Amino acid sequence: MSAPARPPRPRQPSRPRWGLRIASGAAALVLLAGGVGHLLVTELESGIHRVDAFGGLDDRPMDSDRGVNILVVGTDGRDKITRAQKRRYRLGGAPCHCTDTIMLVHLSADRDRASVVSLPRDSYARIPAYTTPSGRVRPAHHQKLNAAYAEGGPSLTVRTVEHMTRVHIDHYLEVDFTSFMKTVDVVGGVTVCTTRPLKDPYTGLNLPAGTHALDGGQALQYVRSRHLDGAADLGRIRRQQRFLAAVIHQVTGSGTLLNPVKFGRVAATLFGSVRADRGFGAADMVALGQAMRGFTVESSEFVSVPVQLPGAPVKGLGSTLRWDRVRAARLFQALREDRPLAVHRRKRLRATPVDVPPAQVRVRVFNGTSTTGLARRTLRALRTHGFATTGAPADAASSAVRRTLIEYDPIWNRSVRTLAAALPGSRLKPVARQGSVMRVTLGSDFRTVRPVRAEDPSAEKGAGKAVSGAEVACL
């Protein structure tokens, strides 16, 4: 089967009911199809649940042939979780019947790039006027973005997102807690890494620093956690993006797309629990997958809509996030024009993830060996890898230092770990009241400066910085 020039336009189906909260893994759905026959397509088609996501829409953005835009959402479906799972994964309480995660996935026209844009659930949104099932017309009003689903379901969610972004949405996908966990389990689990311990008493997440292989339930805890630091929901969005990059890396690197048996098992799990508009059938998903067989984690890119920080309280709504209009407009224009969002940095693809970005670490270098020019070359290498070097390189008091030494003020104990990752094997020496500049004395054991990258490369003020999947995945 060859890939169609464009998936068919959505038709208007009947409207079922559903729920879930996490949509990170759902976006991987569009990347998992390939190498499957007509019989499997027919079987998968029968398992897809349908939703009326485009009924009654008006004033829509202009459609184009520049790629495909898919709105991927999740609503709270804990009513489908077993009692034991609710206890284990801290899923008590009543479902909220609202979209807690919203992602706009853009597949490029040539199918060699997927751009994932996270829309914060607390975004201050203008919900368009709509008619309720009872026939009452509710005028346009302001609310948080995730309330659109609670008020008018998938169609009002699509309409609100289109009005805010002016991006034409071609398809709609929705999953639930159960399908999320099953999908992670059927692909064999997903590996994530963290430079610091992650502990959230609300979800039960408890991961020490390091690399971890998560099963479906643990993955659900990971992508739901939002009480780990002051970043709250924006921090959770970044972890969801890292998790999705890990899913792509797992699937594309495990041979799933090339193994019909393995692919069938994964696809059946996904398609059997996903909700989609009627125009997005299994054949279209498979066609997309066939066109994207060469897809890798480097082919994906992630960004969150740039917002103004701190959040602004609104009477009756609580704390909301207002989009940075200028930067957000540029972002969505790039989507409409099918342009890449991230600047790919080859030198950083295999870099060691660190908690504090190197740009925030100030360093001065001294040569403790008899090798002429070593401090100058090392200072230049540190600057190349993003460190904030300061002062001229100089000779240390001794030229017979055997082990490289990093002296630092104890109040910068997190930042020093970033420098230590770039200079592995160095001895760390805390020096009270030294100040913000770290002093490196090179020893005869020094070989090279290793590249590092911030674990959250998009964690700048207000977000909005696009990164490639390879920069956020645990490779």
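Reader: How much of the protein is buried?
Author: Of its 475 residues, 56% count as buried. Buried means under 20% relative accessible area, exposed means over 50%, and partly exposed is in between, with a 1.4 Å probe and protein chains only.

Reader: What sort of model and numbering am I looking at?
Author: The model is predicted: local features need pLDDT of at least 70, side-chain atom pairs count only at pLDDT 80 or more, and totals for chains, interfaces and linings use all residues. Residues are numbered from 1 along each chain as its sequence is written, and side-chain values use heavy atoms, with hydrogens and water left out.

Reader: How many helices and strands?
Author: The protein has 13 helices and 26 strands. These are DSSP runs numbered from the N terminus: helices are H or I with at least four residues, strands are E with at least two.

Reader: Switching to helices. How do H5 and H6 cross?
Author: The axes of H5 (residues 177–186) and H6 (residues 216–224) come within 8 Å and cross at roughly 120°. Axes here are lines fitted to C-alpha atoms, for helices over the stretch in contact, and angles run from 0 to 180 degrees between N-to-C directions.

Reader: What does that make the pair?
Author: H5 and H6 are therefore oblique to each other. Under 35 degrees counts as roughly parallel, over 145 as roughly antiparallel, 65 to 115 as roughly perpendicular, and the rest as oblique.

Reader: Which residues meet there?
Author: From H5, Phe177, Phe180, Met181, Val184 and Asp185 meet Gly216, Gly217, Ala219, Leu220, Val223 and Arg224 of H6. Contact means heavy atoms within 4.5 Å.

Reader: Why call H5 largely enclosed?
Author: Because eight of the 10 residues of H5 are buried, the rest of the structure largely encloses this helix. The buried ones include Phe177, Phe180, Met181 and Val184.

Reader: What follows H5?
Author: Gly188, with a positive phi near 95°.

Reader: Which residues have a positive phi without being glycine?
Author: Among them are Asp59, at about 50°, and Asp338, at about 60°. Most residues other than glycine have a negative phi, and most peptide bonds are trans.

Reader: Are those two buried or exposed?
Author: Asp59 is in the loop between S1 and S2 and counts as exposed at 53% relative accessibility. Asp338 sits in the loop between helix H10 (325–336) and strand S18 (352–354), and its relative accessible area of 17% makes it buried.

Reader: Where is the cis peptide bond at Pro310?
Author: It runs from Leu309 to Pro310, with omega near 0°. Pro310 lies in strand S16 (residues 307–314).

Reader: Back to the S1–S2 loop. Where does Met62 sit?
Author: Met62 is in the loop between strand S1 (49–51) and strand S2 (68–75), and is exposed at 77% relative accessibility. Met62 and Arg336 are 274 residues apart in sequence and 9.6 Å apart in space, C-alpha to C-alpha.
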